Amino acid sequence: MKKILLFALALSAVLGASAVTPNKIVIPHIEGYKTLKGDFHIHTVFSDGTVWPATRVDEAVWEGLDVIAITDHVDTRHQKMVKEGYFTSKCDRDESYRVAKKAAGKKLLVIHGGEISRGMPPGHWNCLFVKDNDDITAAAEANDHDHFLAMKGGLAKAHEQGAFTMWNHPNWEKQAPNKTKWWKEHEKLYKAGYMNGIEIYNKYTGYSPEAHQWALERNITMFGNSDVHHMFMYEVDYLHGAHRPVTLVFATEKSLSGVRDALDNQRTAVFAEGMVYGRERELEPLFKACVRVKGLKFTDKQVSFTLENKSSIPVTLTKAPGSEHIWYPRVITIPPMSSISVSAKLLLVDNKQPKFDASTKEVSVNFYVDNFLVGPSKPLTFSVKATR
Ligand SMILES: [Zn+2]
Ligand SMILES: [Zn+2]
């Protein structure tokens, strides 16, 4: 009997353990702001996705996210669900948000959104913080003879509702074969105040250096989203440490208004496939929050220290200019949630003229953070400064 009881206890422990996320995303807060993890592009069975909205909430909570936006295609929903008779005409274009919102309760912030999809230009656009997707769809469809005018009408209506709007997957091969282009139509929508955000990363189309550059030059909020249509367990190899792309939002508080304030002020970054993309303004404090320098020692012969990575982001450092007279590994990788000790040996330039001696008061060990890009092909720089 005792054995059976023990077996039952062991079994329940195993079953319990199976619900634990193998790699919940951990990103520390930065100075002055909370770091929220978000996915602002998600489909459900209410458009061309295969999953019920409440499942999207479960998936996000399981992965440790703070905020999601439900962004079903506003145009295809009726075709698929109402016209085929799955839902009644009472089921409007805001129903997937309502279902997700109810399922989320206080566990997760859910943003009311929708995706307007047209040919290129102008492509696909998300509207976040909307009030009524039916009105937005009607405004777009009123000009359906022209992709640009349809989008402009839909976005104008979304802005009447106080929405935040963004260009999705500008590098989608189907809409941008061989080249990611900023069309004159995008310039018009940008000038109209509708290009509030842009996906510089989308799970299906990957990283877009062009979009990263446009966001920097034009002060557009950067996003990295999943655009998920199927079950996440089909899309992401969680068991091998993968995760969905996330938009990191640096918010004054964990609330919808806190998220909105951060988006309106471009305080975001993207974490996807081991890379972090963004602006220097956010990536520098983010790196400092993730990687701490500990046990710094400065002797006549070397500077030694430990780098402790307190995040889920694997960090790759390479030797940067300004430290030519110091010997330390040219490449250092710090896996998530781990530490590495570094010894930087102070060399003599030649036997006659020591570069460092007892009178040296400051030494700088310089790195590029190869996987934190503050622009296309432009890594963040990081220095360990030792003084005595
Ligand atoms: Zn799309
Ligand atoms: Zn989409």
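Two strands are taken to pair if DSSP finds at least two bridges between them. The legends below apply that term to a predicted model.

**Figure 1. The hairpin of strands β12 and β13.** In this predicted model, strand β12 covers residues 291-298 and strand β13 covers residues 302-309. The two strands pair in the antiparallel sense, and six bridges join them. Within this pairing, lysine 297 stands opposite serine 304, a residue of β13. Three residues lie between β12 and β13, and the two strands form a hairpin. In a regular strand, side chains alternate between the two faces of the sheet.

**Figure 2. The contact between domain 1 and domain 2.** The chain is divided into domain 1, residues 22-278, and domain 2, residues 291-387. A distance of 38 Å separates the C-alpha centres of domain 1 and domain 2. On the side of domain 1, 15 residues are in contact with eleven residues of domain 2. Helix α8 (209-218) and strand β11 (275-277) each supply at least two residues of the side of domain 1 that touches domain 2. The largest share of that side comes from α8, with four residues. By class, the side of domain 1 that touches domain 2 comprises ten nonpolar and five polar residues, and no charged ones.

**Figure 3. The crossing of helices α2 and α4.** Helix α2 spans residues 53-63, and helix α4 spans residues 95-104. Their axes come within 7 Å and cross at roughly 45 degrees. Angles from 65 to 115 degrees count as roughly perpendicular and those under 35 degrees as roughly parallel, so α2 is oblique to α4. The crossing of these two helices is right-handed. From α2, the residues Pro53, Ala54, Arg56 and Val57 meet Ser96, Val99, Ala100, Ala103 and Ala104 of α4. Seven nonpolar residues, one polar and one charged make up the contact of α2 with α4.

**Figure 4. The packing of helices α5 and α6.** Helix α5 (residues 133-141) packs with helix α6 (residues 147-160) at an angle of about 150 degrees, and their axes are 7 Å apart. Angles over 145 degrees count as roughly antiparallel, and α5 is therefore roughly antiparallel to α6. The crossing of α5 and α6 is right-handed. Helix α5 contributes Asp135, Ile136, Ala139, Ala140 and Glu141 to the contact, while α6 contributes Ala150, Met151, Gly153, Gly154, Ala156, Lys157 and Ala158. By class, the residues of the contact of α5 with α6 are seven nonpolar, two polar and three charged.

How values were computed. Residues are numbered from 1 along each chain as its sequence is written. Chains are lettered from A and ligands numbered from 1 in the order in which they are written. This is a predicted model: local features need pLDDT of at least 70, side-chain atom pairs count only at pLDDT 80 or more; totals for chains, interfaces and linings use all residues. Domain bounds come from an automatic or database domain assignment. Two residues are in contact if their C-beta atoms, placed from the backbone, lie within 7 Å. Ala, Val, Leu, Ile, Met, Phe, Trp, Tyr, Cys and Pro count as nonpolar, Asp, Glu, Lys and Arg as charged, and the others, Gly among them, as polar. Axes are lines fitted to C-alpha atoms, for helices over the stretch in contact, and angles run from 0 to 180 degrees between N-to-C directions. A crossing is left-handed if the near helix is turned anticlockwise from the far one by less than a right angle, and right-handed if clockwise.
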